[in-house]
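The stops below are meant to be taken in order.

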Amino acid sequence: MAVTAKIAPSMLSSDFANLASEAQRMLNCGADWLHMDIMDMFCHPFEFPYTVFLFRICDTNSLLMQAEAVSGFLFHFLELTGFFVACLQDGHFVPNLTIGAPVIESLRKHTEAYLDCHLMVTNPLDYVEPLGKAGASGFTFHVEVSKENWQELVQRIKSEGMRPGVSLKPGTPIEEVFPLVEADNPVEVVLVMTVEPGFGGQKFMPEMMDKVRTLRKRYPSLDIEVDGGLGPSTIDMAASAGANCIVAGSSVFGAPEPAHVISLMKKSVEEAQKND
């Protein structure tokens with residue numbers, strides 16, 4: 001079975017104050033999936049020292065969220081006698097999350113899109129049921145934190161109606177995901193990180209393409225996803241290596257014409273597949 005090109009804008013790079021409209025904008029631009037990053041202290045603490053959000057009341061029914069320091073993206077707000085409280089969190093006193101189940105649930109009310117959830121957390125089992133109920137479409141966990149319970153994880157993810165995937169950090173050997181792809185109850189997506197997980201805007205690591213080539217040669221019909229530093233200048237490397245699911249954040253959201261970038265990346269994947 002041939003795999004298809006899928007472009008997944010990373011919503012971590014979107015305007016969080018207008019998440020629903022940003023999601024629709026990406027779909028209108030040709031996106032196939034919406035990539036949702038869910039992080040806790042699995043990512044290095046120094047990458048998320050604290051989070052500050054300032055809230056300005058526009059009127060009694062609207063709220064404009066402005067990120068004064070965007071190094072964590074966990075936010076929650078409490079309504080107290082007409083005021084909203086800005087919360088600062090360092091990931092130690094309370095768990096540090098970016099997008100969680102409540103955000104997925106809220107977004108699901110506005111879109112039928114495939115919500116591709118990438119769990120960069122130390123305890124992915126805890127998130128399966130909440131994300132399933134919230135309406136997540138895919139649930140990708142990291143092999144580094146799931147070596148002892150990945151079979152249970154895959155089973156529970158599927159039981160919640162989500163598509164299971166596994167991801168690996170740049171320093172993790174590709175061989176560690178082979179058992180998960182070859183199991184009787186396998187994962188259906190392998191996500192190769194092409195930057196260190198934690199924050200956007202990092203430089204693409206071309207040496208990770210050896211992992212993609214190995215996967216494509218071994219599993220011709222597998223959805224192989226890449227995440228980190230993908231854009232017009234790097235897409236050909238990923239596509240020619242065999243990646244068919246492309247996560248792109250700042251290169252899409254920061255572009256004057258996101259539809260052009262999405263189209264360019266999809267065509268690159270499709271052309272590479274024709275040449276195989």
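A salt bridge here is a side-chain nitrogen of Lys or Arg within 4 Å of a carboxyl oxygen of Asp or Glu. By that criterion the structure holds twelve salt bridges. This is a predicted model, in which local features need pLDDT of at least 70 and side-chain atom pairs count only at pLDDT 80 or more, while totals for chains, interfaces and linings use all residues. Residues are numbered from 1 along each chain as its sequence is written, and side-chain values use heavy atoms, with hydrogens and water left out.

**Salt bridges**

Select Lys6 and Asp223, whose side chains form a salt bridge at 3.1 Å, N to O. Lys6 belongs to strand β1 (residues 6-9) and Asp223 to strand β11, so the contact ties together parts that are 217 residues apart in sequence. Helices (H or I, at least four residues) and strands (E, at least two) are DSSP runs, numbered from the N terminus. Lys6 and Asp223 are both buried; buried means under 20% relative accessible area, exposed over 50%, and partly exposed in between (1.4 Å probe, protein chains only).

Next select Arg163 and Glu188, a salt bridge of 2.8 Å, N to O. Arg163 is in strand β9 and Glu188 in the loop between α5 and β10 (189-193), so the pair ties together parts 25 residues apart in sequence. Arg163 is partly exposed at 22% relative accessible area, and Glu188 is partly exposed at 30%.

Then go to Glu176 and Lys147, where the closest N and O atoms of the salt bridge are 3.4 Å apart. Glu176 is partly exposed, with a relative accessible area of 27%, and Lys147 is partly exposed at 48%.

**Aromatic pairs**

How many aromatic pairs does a search of the whole structure find? It finds two. Rings of Phe, Tyr and Trp (its six-membered ring) pair if their centres lie within 6.5 Å; planes under 30 degrees apart count as stacked, over 60 as edge-to-face and the rest as tilted.

Select Trp33 and Tyr114, a stacked pair with 4.4 Å centre to centre and 20° between the planes. Trp33 lies in strand β2 (residues 33-39) and Tyr114 in strand β7 (residues 114-120), so the pair ties together parts 81 residues apart in sequence. Both Trp33 and Tyr114 are buried.

Move to Phe178 and Tyr219, whose ring centres are 6.1 Å apart with planes at 70°, so this pair is edge-to-face. Phe178 sits in helix α5 (residues 178-182) and Tyr219 in the loop between α6 (209-218) and β11 (223-227). Phe178 and Tyr219 are both buried.

**Strand β7**

Finally, select β7. Seven of its seven residues are buried, so β7 is largely enclosed by the rest of the structure. Tyr114, Asp116, His118 and Met120 are on one side and Leu115, Cys117 and Leu119 on the other. Two strands pair if DSSP finds at least two bridges between them. β2 and β7 pair in the parallel sense over seven bridges, with His35 opposite Asp116. β7 and β8 are also parallel, over three bridges, and Asp116 stands opposite Gly138 in β8.
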